[in-house]
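This report covers the architecture of a single protein model.

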Amino acid sequence: AVRIMRGRPPGSPRGVWSAASAVDKRREPHFEELQSVDADRWLQRFPPDRRGFFLESGLQVAGTGRWHILGIDPLETFEARGQRWTLRRAGGETTEGEADPLDAFEMWWQSWAHHHDSPIPSLPFQGGAVGWIWYEAADRFLGVSSPRKMPTGAVAKLLEDVPDLSWSLYDEVIVIDAEEGRGWFVHRAR
């Protein structure tokens with residue numbers, strides 16, 4: 001099902017944004033310690049046709065390479081191109097609209113924002129939104145005149161279907177502490 005909206009996004013934080021979502025944002029996260037903390041093994045288990053992410057800390061320089069975070073099958077995905085935005089839910093429902101994409105993104109984000117105390121305070125991520133905004137799009141959204149030149153030719157063709165911003169909400173993640181050799185599956189019993 002596709003729901004089309006024009007103008008400003010709905011004002012209710014529980015309105016169209018999360019009414020069809022599979023998980024209540026207030027559900028407490030569960031923490032299950034993992035036996036295997038090898039990020040490569042977890043990546044091999046992810047089917048290539050499923051949407052996911054892997055944030056790898058990289059080098060062990062001054063303690064900066066401690067955490068690896070993996071997620072698959074987002075609850076919702078918010079994308080925008082110009083003034084058009086799209087919200088896709090895991091169940092297949094899609095909502096589209098025309099409005100300032102940063103306002104629409106803020107409404108979506110606030111509909112999910114909720115604080116939970118963690119039994120493992122050192123965990124840097126317990127689920128949430130993972131995504132990106134193009135530099136050029138951020139300049140445009142913020143009204144900054146940008147000296148950057150947009151690519152042309154084959155690169156422009158490659159990028160024409162890439163959204164200006166794309167964020168996905170994950171309620172099931174694997175968090176690995178490479179320094180201590182421990183890992184957790186953090187989820188909300190979906």
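Leucine 165 is found in strand β9; strands (E, at least two residues) and helices (H or I, at least four) are DSSP runs, numbered from the N terminus. The model is predicted: local features need pLDDT of at least 70, side-chain atom pairs count only at pLDDT 80 or more, and totals for chains, interfaces and linings use all residues. Residues are numbered from 1 along each chain as its sequence is written, and side-chain values use heavy atoms, with hydrogens and water left out.

With a relative accessible area of 1%, leucine 165 is buried. Buried means under 20% relative accessible area, exposed over 50%, and partly exposed in between (1.4 Å probe, protein chains only). Setting aside residues up to four places away in sequence, leucine 165 touches Phe78, Glu79, Ala80, Pro101, Leu102, Phe105, Trp132, Ile133 and Phe141, where contact means heavy atoms within 4.5 Å. Between leucine 165 and glutamate 79 there are 86 residues of sequence separation, yet their C-alpha atoms are 5.5 Å apart.

Leucine 165 also belongs to the largest nonpolar core, which has 17 residues; Phe78, Trp85, Phe105, Trp108, Leu165 and Trp167 touch the most other members. A nonpolar core is a set of buried Ala, Val, Leu, Ile, Met, Phe, Trp, Tyr and Cys residues joined through side-chain atoms within 4.5 Å. At least two residues of this core come from each of β5, β6, α2 (101–112), α3 (135–142) and β9 (165–170). The most is given by α2, with four residues. Tryptophan 167, leaving aside its neighbours within four places in sequence, is in contact with Glu76, Thr77, Phe78, Phe105, Trp108, Ala129, Val130, Gly131, Trp132 and Ile133. Another core of 12 residues lies apart from the largest one, and Val130, Tyr170, Val173 and Val186 are among its members. In soluble globular proteins, nonpolar side chains tend to be buried together.

| Strands | Bridges | Sense |
|---|---|---|
| β5 (residues 76–81) and β6 (residues 84–89) | six | antiparallel |
| β6 and β7 (residues 94–98) | five | antiparallel |
| β10 (residues 173–177) and β11 (residues 182–187) | five | antiparallel |

Glutamate 76 stands opposite arginine 89 in β6. The hairpin of β5 and β6 has two residues between its strands, and glycine 82 there takes a positive phi near 60°. In the hairpin of β6 and β7, four residues lie between the strands, and glycine 92 in the turn has a positive phi of about 105°. Threonine 86 has glutamate 96 in β7 as its bridge partner, while arginine 88 is partnered by threonine 94 in β7.

Five strands make an open sheet in the order β2-β11-β10-β4-β3, with antiparallel pairing. The edges are β2 (30–33) and β3 (52–56); each has a single partner strand, so one side of each is left without a neighbour in the sheet. From one strand to the next, the twist averages 15°.

Taken as a whole, the protein has four helices and 11 strands. Of its 190 residues, 41% count as buried. Among contacts between residues at least 6 apart in sequence, 68% join residues at least 24 apart.

Technical notes:
Pairing = 2+ DSSP bridges. Axes fitted to C-alpha atoms, helices over the stretch in contact; angles between N-to-C directions.
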